[in-house]
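Thanks for asking me to look this over. Here are my notes, as numbered points, to read beside the model.

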Amino acid sequence: MKKVFTILTLVTLFCVAGIHEAEAARIRIPVGSYQKMSKVRDLPQEEYYQTTDDEHFDLGVKYTVYQICWIPVWTESAPELVGYINNDYYVSFDEEDIELLAEMNEIPNIQKLAKMPFWDAWGGKLIFIVIIGIILYGSFSKSGDDDDEVTEKAA
């Protein structure tokens, strides 16, 4: 268990505190806010679903998360429905546009489509809590092991 604790501590320290050394070694460890988008529903290939640049869009969801070492730790902005073009470009909608899209494409409860994937919503947070728990367990159990050794030597 002490080896696992040591390895997790080193990995965590490298990811959080060792960012400058990682940049010096040309390894990019993502830390910070990242906007993510994904397509949730295809829309018909009609002229109505095109931008002024003739880019076709589908229905997508956009949200922002804060990541440490590819682990989404918390959500900074709630998911919202957008016109998904690709991972970099989207079309913003207001409530009227969303209602019109739902009506035209017969999508009941269109707001239910505005949800994040499990990894971004909960998975990363659970992994982060487990890592913190292992670190805390290792630090408290280590001090408890030292007390046992002292007691055994005294007896």
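1. Ile129 counts as exposed, at 56% relative accessibility; here exposed means over 50% relative accessible area, buried under 20%, and partly exposed in between (1.4 Å probe, protein chains only). Ile129 lies in helix 4, residues 118-154. Helices (H or I, at least four residues) and strands (E, at least two) are DSSP runs, numbered from the N terminus. The C-alpha atoms of Ile129 and Val73 are separated by 9.1 Å, with the two residues 56 apart along the chain.

2. A word on the source: this is a predicted model, so local features need pLDDT of at least 70 and side-chain atom pairs count only at pLDDT 80 or more, while totals for chains, interfaces and linings use all residues. Residues are numbered from 1 along each chain as its sequence is written, and side-chain values use heavy atoms, with hydrogens and water left out.

3. Do have a look at the pairing of strand 2 (58-68) with strand 3 (71-84). The two run antiparallel over 10 bridges; strands count as paired if DSSP finds at least two bridges between them. Within this pairing, Val65 has Thr75 in strand 3 as its bridge partner. Strand 2 and strand 3 form a hairpin with 2 residues between them.

4. Most residues other than glycine have a negative phi. Both Cys69 and Trp70 sit in the loop between strand 2 and strand 3. Cys69 is buried, with a relative accessible area of 11%, whereas Trp70 is exposed, at 53%.

5. Strand 3 also pairs with strand 4 (residues 90-92), again antiparallel, over 3 bridges. Tyr84 has Tyr90 in strand 4 as its bridge partner. This hairpin has 5 residues between strand 3 and strand 4.

6. Finally, the surface: Tyr48, Leu100 and Met104 make a nonpolar patch of about 280 Å². Accessible areas come from the Shrake-Rupley method with a 1.4 Å probe, and for residues only the protein chains shown count as cover. Met104 belongs to helix 3 (residues 95-104) and is partly exposed, at 39% relative accessibility.

Terms used. Patch = residues over 30% accessible without salt bridge, like charges linked within 9 Å, V, L, I, M, F, W, Y side chains within 5 Å. Salt bridge = Lys/Arg side-chain N within 4 Å of Asp/Glu carboxyl O.
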